[in-house]
Amino acid sequence: MLVTVTLNAAIDKTYRLAHFRAGELHRTQEVWSLPGGKGINVARVANTLGQKVVTSGFVAGHNGRFIAEGCNREGIATSFVEVQGESRLCLTFLDEQAKTVTEVLEPGPAVGADELALLQARLTRLAQQATYVVFSGSLPRGLLVNTYAVLIKGLASSGAKCVLDTSGAALAEGIGAKPELIKPNQPEAEAILGYSLDSDDARYRAVRELCSRGAKRVLLSLGQEGAWFGDQDQTWRISAVPLAEAEVNNTVGCGDSLLAGVLTGRMRELAWPDAIRLGMACAAANTSSFGAGVVTAEAVQSMMNRPMHVEQVG
């Protein structure tokens with residue numbers, strides 16, 4: 001079983017616009033409202049691939065009920081902790097003319113120590129049945145930057161493997177808890193390493209350095225340039241699925257789709273490079289949809305049939 005944890009869950013609203021201009025009135029052609037937050041996106045894609053998933057984290061208010069009920073309608077089991085306030089909205093504006101994506105993200109509710117303790121107890125029970133527990137996304141207000149580190153350390157004896165996909169100080173602190181896998185993108189890795197990752201040498205160095213800080217494995221996602229993956233012993237460079245410009249509708253959720261595919265592949269006992277190829281296919285399939293973390297099994301298989309190059313480096 002796969003468990004995903006979204007501490008700052010959201011309703012993802014995506015607006016499809018002919019064009020987007022600051023200071024103008026816009027009438028959307030279409031709008032999508034989905035349960036969201038990075039961990040929920042991971043759960044949605046893994047569920048589509050046939051993987052048993054439970055999604056957890058914090059929800060609040062009317063928006064929180066929409067999130068939980070929406071997950072259940074999609075066939076995703078939920079185990080959320082309810083808190084005071086209102087879960088956030090995350091707005092995405094797709095400009096079809098300029099091919100740009102603009103996001104506006106609300107902060108979400110505050111979470112206290114007592115509510116965090118409730119979640120810890122719930123995750124301890126879930127982890128006993130899980131192969132992977134995925135911690136994804138930003139921290140809500142009220143929680144310390146070491147929260148992910150504390151949660152990961154708390155599951156050390158559960159037998160589940162912890163995965164971390166966050167940014168900034170929360171990522172830097174979380175690495176020290178020795179997660180099985182981290183999945184930073186290029187800006188996130190650059191922010192905590194302090195140097196540019198514009199060359200192969202720098203990317204190879206980054207994978208090794210992040211492992212030396214505590215991560216057992218690193219999946220460095222690079223958008224259209226693919227990804228680098230490795231541990232202290234081996235490193236691979238993986239190309240992205242080739243896509244025509246007309247095929248790309250929305251890139252929000254591609255990183256979550258990548259991670260869902262990789263972990264599903266591993267739970268199918270695929271070797272890491274093959275699991276990452278499945279993840280790349282999921283990320284590519286996500287671009288054809290207008291919602292974040294939305295794929296079909298048919299689209300994923302179609303992307304798997306396209307050429308992807310996997311090369312061991314070093």
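Lys38 counts as partly exposed, at 27% relative accessibility; this term lies between buried, which means under 20% relative accessible area, and exposed, which means over 50% (1.4 Å probe, protein chains only). The model is predicted: local features need pLDDT of at least 70, side-chain atom pairs count only at pLDDT 80 or more, and totals for chains, interfaces and linings use all residues. Residues are numbered from 1 along each chain as its sequence is written, and side-chain values use heavy atoms, with hydrogens and water left out.

**Salt bridges**

- A salt bridge is a side-chain nitrogen of Lys or Arg within 4 Å of a carboxyl oxygen of Asp or Glu; by this rule the count comes to 14.
- Lys38 forms one of them with Asp256, and the closest N and O atoms are 2.7 Å apart.
- Because Lys38 lies in helix H1 (residues 38-48) and Asp256 in helix H8 (residues 254-267), this pair ties together parts that are 218 residues apart in sequence. Helices (H or I, at least four residues) and strands (E, at least two) are DSSP runs, numbered from the N terminus.
- Asp256 counts as buried, at 3% relative accessibility.
- Glu180 forms a salt bridge with Arg217, with 2.4 Å between the closest N and O atoms.
- That pair links distant parts of the chain, 37 residues apart: Glu180 is in the loop between helix H5 (168-175) and strand S10 (181-182), and Arg217 is in the loop between helix H7 (200-212) and strand S11 (218-221).
- Glu180 is buried, with a relative accessible area of 11%.
- A network of salt bridges links Arg16, Glu30 and Glu96.

**Arg205 and its partners**

- Arg205 and Glu209 meet through their side chains in a salt bridge (3.8 Å, N to O).
- These two residues are four residues apart in helix H7, so about one helical turn separates Arg205 from Glu209.
- The charged end of Arg205 also sits over the ring of Tyr195, 3.8 Å from its centre; the rule requires NZ of Lys or CZ of Arg within 6 Å of the ring centre and within 35 degrees of the ring normal.

**Aromatic pairs**

- The structure holds six aromatic pairs. Rings of Phe, Tyr and Trp (its six-membered ring) pair if their centres lie within 6.5 Å; planes under 30 degrees apart count as stacked, over 60 as edge-to-face and the rest as tilted.
- The pair of Phe135 and Tyr148 is edge-to-face, because the ring centres are 6.0 Å apart and the planes are at 65°.
- Phe135 is buried, with a relative accessible area of 0%.
- Ring pairs also link Tyr15, Phe20 and Phe93 into a cluster.
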